Amino acid sequence: MNRIIILLGFIAFHITSFAQQKADYELAERMREITRSPIAKNTLIIRPTFVKGSDCFYYSFQTEEGKKYYWVDPKRKEKRLLFDNAELVSKVSEMTRKPYNHRNFDIEVKFLDEETFKFYLDRQDYTYNIRTKELKLWKAKKQFTSDPYWMYYSADSAYMLFAKRHNLYLVGNLAKSKDTTEVQLTFDGEKNYSLNREDEGELDGRFLCEAKWFKRGNKFYALREDSRKVNDMWVVDVLAEPRPKLETYKYEMAGDKHIIQYSLIIGDADTRQVREIDINRWPDQYVDVVYSSNDGKRLYLQRYKRTWDEADICMVNVETGEVKSLIHEKNKPYLDYQMRSITFLNDGNEILFRSERSGWGHYYLYDKDGNLKNQVTSGAWVTSPLLQVDTVRRQIYFYGYGRKEGVDPYYYILYRADLDKENALTCLTPENATHNITLSPSCDYYVDGYSRVDMEPKNVVRNRKGKIIMTLEDPDLDRLYEMGWRVPERFSVKAADGVTDLYGVMWKPADFDSTKLYPIISCVYPGPFFEYVPTRFTINDELNTRLAQLGFIVITVGHRGCSPMRGKYYHTFGYGNQRDYPLADDKYVIEQLADRYSFINRKKVGIYGHSGGGFMAAAAICTYPDFYSAAVASAGNHDNNMYNKGWVEIHYGVQERKIMVKDTLGDEHEEITYYTSSKTNMDLAKNYKGGLLLVTGDMDNTVHPAHTMKMADALIKAGKDFDMLVLPGNRHGYRGMAEYFYERKLWHHFARLLLGDSSADYQTDLDYFMKR
């Protein structure tokens with residue numbers, strides 16, 4: 001009996017302590033100040049600029065002592081100040097008779113030669129010689145007074161192309177040619193089939209065109225997009241004066257009959273001729289230009305089938321117009337375009353092509369005719385798009401993911417491979433961290449800024465063997481820790497299959513007490529092209545640090561199907577199941593963490609996300625209404641049947657169907673159509689039990705506000721209670737006052753439902769914001 005009384009007393013204590021929890025808004029706002037305080041300007045990772053093709057570089061580095069500029073010669077292992085701030089400022093003051101703060105001397109350096117750089121200060125350009133320390137006013141060479149924006153010259157500057165009223169025009173060089181008569185080259189341009197950029201085709205005057213000159217000669221090309229038959233979409237600018245204004249734009253939805261069509265034209269300025277090249281292989285194909293040869297005789301395209309499971313690299317003969325397919329790629333269920341990498345070596349004599357044909361992203365080397373020479377990398381790991389090619393040594397540099405045992409597979413690890421040998425690899429950054437690399441032009445040296453979310457950045461210089469030869473500055477973070485900031489923590493757990501490793505990050509309050517019980521909130525984004533789980537050290541992680549300060553454990557974690565960085569099986573896990581694929585993983589992750597840590601309250605679980613994360617958050621609380629107590633779904637694509645064609649059809653599937661149709665004469669012919677169907681969050685509304693906040697910007701032309709309105713309508717018809725926030729005048733990303741208002745609404749929503757704290761004072765919030 002005594003044991004029962006003690007147990008009931010323990011439960012009552014925890015219920016009472018939960019009911020008395022208050023959200024610590026003051027601490028959350030204190031963390032916001034970190035992103036606005038001077039420490040936010042301090043340098044974390046060095047971003048060097050190599051000078052004029054040499055291995056010498058310069059960089060700036062800011063601490064609480066001010067901003068300084070450094071020059072480094074890695075060959076001599078020499079580092080020195082690029083200039084003495086006080087000395088240079090004094091020289092400028094002598095010229096202008098004005099005072100300047102040498103500690104806060106913020107300029108953009110641009111080297112004109114190996115020892116002289118130019119900079120702009122106080123509406124004046126200067127040059128400074130780092131050897132003689134001579135400062136001069138910069139006098140630019142005389143330039144033409146015409147607007148340079150639309151002046152686009154051929155390689156020898158004999159001709160200039162421009163666009164006007166959707167069509168392409170040609171004139172001789174205004175400075176060199178006696179005949180500057182405008183020559184109209186195309187006549188079929190119109191709105192949504194234009195050679196102008198953006199909406200300039202509806203304006204009078206000359207504008208920059210979409211055409212491109214070849215690198216040699218006077219020929220040019222243009223890849224035209226025809227969206228005239230694409231259906232319109234609309235949003236309304238309710239804030240427009242004097243009355244709301246309708247905004248109309250073209251929008252391809254999944255499964256649409258009419259989508260953008262691509263055509264290629266090649267023109268000759270000498271003959272004034274323009275011809276269209278037949279580049280068609282598949283109906284409704286996607287096309288882009290990937291390379292033009294140095295001699296101006298070859299143009300390379302990549303074509304994708306609409307089902308996105310076939311593509312080819314093809315070469316266009318500029319002289320004859322002949323199109324030849326060089327590399328044909330077929331990959332199920334779809335080709336990974338996010339990490340696509342195509343490199344033309346020796347001006348197209350070799351092609352280095354990244355493919356997932358083995359289930360892992362690796363490099364394959366082809367000759368100029370598309371014959372496979374050898375596979376460059378292989379194994380159960382993934383390569384990144386290329387960082388650099390050392391053409392002299394025939395080596396390539398890239399990041400590798402998941403190859404080093406015991407290292408997070410999302411960490412960027414630098415590798416070098418030989419083009420002529422299979423898997424002749426050298427790991428150049430062995431540290432268990434994610435690396436930010438800048439290679440010198442010769443590839444003899446590189447600057448490496450490496451860190452983890454729980455490890456401060458280290459900035460070093462390495463030689464081509466990966467050996468650290470110089471140590472550069474470390475960031476100045478003392479003030480950060482004085483303000484109470486604490487590093488987030490990494491964790492790994494299993495996916496719902498009990499086998500796949502998942503990786504995440506956890507944020508705790510600055511005043512965290514392991515003896516207390518904290519609700520847990522999952523910040524989600526389901527990919528599938530990238531997992532928004534930080535790997536680098538940062539002091540500005542959007543909402544999560546601030547949200548944790550209210551009294552929450554906040555996590556973000558990758559889910560199966562979210563990223564191509566772990567191989568094709570992992571990132572195609574959600575194919576054809578775009579609504580449900582990450583949900584079981586998220587739930588199981590939280591259950592594991594609650595079992596692992598006694599300070600996590602598994603009875604008070606929240607979830608939130610934006611865009612795809614908003615879609616996932618709403619799906620989660622409707623699928624597991626007894627597990628998630630609160631959710632915030634911001635700008636969610638709740639109905640992928642009306643979402644972006646490319647996104648849905650690539651990642652979630654579209655079926656090609658052949659049907660027989662009759663023409664006006666009654667004759668039958670075969671026609672190809674496309675079909676896709678997606679599960680929607682509206683179908684889950686009947687399961688929902690409470691705790692959802694829907695958010696949208698009413699001018700969102702990425703994820704249309706209709707997504708949120710349809711979800712709201714489904715919940716209303718199902719007799720469900722929910723909250724909703726519409727941000728007037730905001731698009732897919734919220735800005736200014738609306739962004740702050742949204743964040744505080746999110747705070748209050750979770751505080752009320754997870755902490756039992758309904759004491760939010762909105763007017764105090766807004767007054768605080770207006771005083772900032």
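Colleague: What should I know before I start?

Modeller: The model is predicted, so local features need pLDDT of at least 70 and side-chain atom pairs count only at pLDDT 80 or more, while totals for chains, interfaces and linings use all residues. Residues are numbered from 1 along each chain as its sequence is written, and side-chain values use heavy atoms, with hydrogens and water left out.

Colleague: How do strands make a sheet, and in which order do the four strands stand here?

Modeller: Strands of a sheet pair through backbone hydrogen bonds, either parallel or antiparallel. Strands here are DSSP runs (E, at least two residues), numbered from the N terminus, and two of them pair if DSSP finds at least two bridges between them. In this structure an open, antiparallel sheet runs β13-β14-β17-β18. The edges are β13 (212–213) and β18 (273–277); each has a single partner strand, so one side of each is left without a neighbour in the sheet.

Colleague: How many bridges join β14 and β17?

Modeller: Eight bridges link them in the antiparallel sense. As an example, A222 has I265 in β17 as its bridge partner.

Colleague: And what is a cavity?

Modeller: On a 1 Å grid over the protein atoms alone, it is a set of points where a 1.4 Å probe fits but cannot get out; lining residues have an atom within 4 Å of a point. Grid points are joined across faces, edges and corners, and a volume is the space filled by probe spheres set on the points. The largest cavity here holds about 130 Å³. It is lined by 13 residues, with L335, D336, F353, R354 and S355 closest to its centre.

Key: On a 1 Å grid over the protein atoms alone, a cavity is a set of points where a 1.4 Å probe fits but cannot get out, and a pocket is an open set with protein on both sides within 12 Å along at least five of seven lines; lining residues have an atom within 4 Å of a point.
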